[in-house]
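Reader: I have a model open and want to learn how to read it. Can you take me through some features, one by one?

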Amino acid sequence: MDTWLIHHKIPLGKWLSGGVDFATTYGQGFFDFVSLVLGGMIDGLTYALLIPPAWLLIVVFAGGAYALHRSIGLCAFIVLGLLLVVNLGYWQALIQTLSLVFSATFFCIVIGVPLGIAAAHRPVMYQVMRPVLDLMQTIPTFVYLIPTLVLFGLGAVPGLISTVIFSIPAPIRLTHLGVTSVPVALREAGEAFGATKAQLLWKVELPYALPTIMAGITQCIMLSLSMVVIAALVGADGLGKPVIRALNTVNVSMGFEAGLAIVVLAIILDRVCKRPERS
């Protein structure tokens, strides 16, 4: 039985390879255009963030964090942590990483939140989407890194697309959870006051679901950051590059310093993106 199954293997790999070859042959112009646009967007954001001096950007980040959380301790950690990154010489790499994370998060929000809302109102749609979302989150990232590399070439674009694929299930799932958890009585009250479906969505469902949606966006940011080293394998700039370089050369000091910079950025993003506590 086992021998028969092995000799009658379903050629899934060949089918996928054939699909990638077909896309490369007949759609290379489209993929080159997408790569040009997305690459230009990431490079433009990186360039804009590198224009002001590091100290000014650090002050802006700390001021924004204080405006959100009113925490002196958080602001002090941001200032000291980012000054440490500057001192280690990884400021430009940190900005490149931020550009990739922000770009991936933007696309995840633009695509994922509407899909989550639509799935919340169409249970059949979510039943179809759920196994796809499970696959996107559980399949090893190196597997879909290969076709994106073939289609879009080396650089930040395949890293961005792979990051979006890995991160987008979080906002979809949590947006769906937030909208479906709206109490029936709250919906009925809105309908009793004559609210249309659009008004019910914008004035009842989304305000109630906003904390859950924001949790999904925060999780999306952290998942995007976790892809930094993976994206560096296909040529994306950022803090992942020195980590890969340190691994290849067995450079302990470089690996530790770059890893510490990633940890500092992760802690800052996690603390800043948390929902401010109401007194």
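**Reading the features**

Author: Start with Gln 96, which sits in helix H5, residues 91-121. Helices here are DSSP runs of H or I with at least four residues, strands are E runs of at least two, and numbering starts at the N terminus. This is a predicted model: local features need pLDDT of at least 70, side-chain atom pairs count only at pLDDT 80 or more, and totals for chains, interfaces and linings use all residues. Residues are numbered from 1 along each chain as its sequence is written, and side-chain values use heavy atoms, with hydrogens and water left out.

Reader: Is Gln 96 buried or exposed?

Author: The cut-offs come first: buried means under 20% relative accessible area, exposed means over 50%, and partly exposed lies in between (1.4 Å probe, protein chains only). Gln 96 has 16%, so it is buried.

Reader: Which residues does Gln 96 touch?

Author: Contact means heavy atoms within 4.5 Å. Leaving out residues up to four places away in sequence, Gln 96 touches Thr 46, Asp 237 and Gly 238.

Reader: Now a polar contact. What joins the side chains of Arg 187 and Glu 205?

Author: A polar contact is a pair of N or O atoms within 3.5 Å; within protein, one must be able to donate a hydrogen and the other to accept it, and residues adjacent in sequence count only if both atoms are side-chain atoms. The side chains of Arg 187 and Glu 205 make one at 2.8 Å. Arg 187 belongs to helix H10, residues 184-192. Its side chain also reaches the backbone oxygen of Val 182, at 3.1 Å.

Reader: Where do I look for positive phi in a residue other than glycine?

Author: Look at Arg 70, with phi near 50 degrees. Arg 70 lies in the loop between H3 and helix H4 (72-88). It counts as exposed because its relative accessibility is 57%. Val 250 is not a glycine either, and has a positive phi of about 55 degrees. Val 250 lies in the loop between helix H13 (240-249) and helix H14 (252-273).

Reader: Why does Val 250 count as exposed?

Author: Its relative accessible area is 68%, so Val 250 is exposed.

Reader: And Trp 55: in which helix does it lie?

Author: Trp 55 lies in helix H3, residues 54-69. Trp 55 counts as exposed because its relative accessibility is 56%.
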